[in-house]
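Thanks for asking me to look this one over.

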Amino acid sequence: MKTLAINLTDCYCKEFDAIVLEINENKVILDKTCFYATSGGQPNDIGFLIKDNEKYEVIDVKKEDNEIVHVLKEHSLKVGDKVHGIINWDLRYKHMRMHIAQHLLSSLVLDEYDAETVGNQIGAETSRIDFEPFRPNQDILDSLIIKFNEIVDKKVPVKITFMTREDVLIQIDAKRRNLFSRLPESIKEIRVIEIEDIDKCPCGGTHVENTSEIGYIKILSTQNKGKGKTRLIFELS
């Protein structure tokens, strides 16, 4: 990958300076960025690239051939131009809160009911997670909400660390090793999101630094997706 992804180590990066490396019509590759490219159930960032007095809208960010590609509405940039990037922070921060909420809820369901997360989609206002095998009644849902919100109140730190596969085998409990085993063998250094003393999960997404930033959860609905799979749809206050 040609682009340094600043958000892998600094999820709170809002602005940055970069150099244009490649241009293909409205697609631009930079030497560094804090724009998040759609992946892992988290939507892309949007925002602007600015050169001199010209402001170009970033309408999509995606990965193509392992490169982070910024899709611009229109532009007159050239290779070698210096640009200043600004992400839509309100949207990014909603995604950060939702994403760590997904990790926390997935961890609680795994520990309490031995149900794995088999799909998720992060949104700005609502998100969803698919669990299997899981058939919760209202008492189970109420218990999850209480435990989730207690952890929010405890202000638990959230950390980004990088581990080797060997470290994973030593430090990660057996329930969670399946998540790591899904990663391609070519990935030697694994980015891990840790909710201190609660969960460790491989993830390339953006997250808040403390559970107090999440807000309280409200489970809006459940959907039976067949074969023991249940979808939970939730929002945050």
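The points below go from a helix to a sheet, then to some side chains and backbone details.

1. First, some ground rules. This is a predicted model, in which local features need pLDDT of at least 70, side-chain atom pairs count only at pLDDT 80 or more, and totals for chains, interfaces and linings use all residues. Residues are numbered from 1 along each chain as its sequence is written, and side-chain values use heavy atoms, with hydrogens and water left out.

2. Asn88 caps the N-terminal end, with a side-chain oxygen 3.3 Å from the backbone nitrogen of Asp90. After the helix comes Asp114, with a positive phi near 55°. Asp114 sits in the loop between helix 1 and strand 9 and is exposed, at 51% relative accessible area.

3. Four strands form an open sheet in the order 9-10-15-14, with antiparallel pairing (two strands pair if DSSP finds at least two bridges between them). Strand 9 (116–121) and strand 14 (217–226) are the edge strands, each pairing on one side only. Neighbouring strands are turned by 25° against each other on average, direction ignored (axes are lines fitted to C-alpha atoms, for helices over the stretch in contact, and angles run from 0 to 180 degrees between N-to-C directions). Helix 1 packs on this sheet, touching strands 9, 10, 14 and 15 (229–236), and its direction makes about 140° with that of strand 15.

4. Which residues does Arg176 contact, leaving aside its neighbours within four places in sequence? They are Ser107, Leu110, Asp111, Ile198, Asp199 and Lys200 (contact means heavy atoms within 4.5 Å). Arg176 belongs to helix 4 (residues 174–181) and counts as buried, at 3% relative accessibility. Its side chain makes polar contacts with the side chains of Ser107 at 2.8 Å and Asp111 at 3.0 Å (a polar contact is a pair of N or O atoms within 3.5 Å; within protein, one must be able to donate a hydrogen and the other to accept it, and residues adjacent in sequence count only if both atoms are side-chain atoms).

5. Now the aromatics: the whole structure has 5 aromatic pairs (rings of Phe, Tyr and Trp, the last by its six-membered ring, pair if their centres lie within 6.5 Å; planes under 30 degrees apart are stacked, over 60 edge-to-face and the rest tilted). The rings of Tyr113 and Phe134 have centres 5.7 Å apart and planes at 45°, so this pair is tilted. Tyr113 is partly exposed at 27% relative accessibility, while Phe134 is buried at 4%.

6. Finally, two backbone details to check. The peptide bond from Glu132 to Pro133 is cis, with omega near -10°. Lys227 has a positive phi of about 55° although it is not a glycine, and lies in the loop between strand 14 and strand 15.

Definitions and conventions. Helices (H or I, at least four residues) and strands (E, at least two) are DSSP runs, numbered from the N terminus. Buried means under 20% relative accessible area, exposed over 50%, partly exposed in between (1.4 Å probe, protein chains only).
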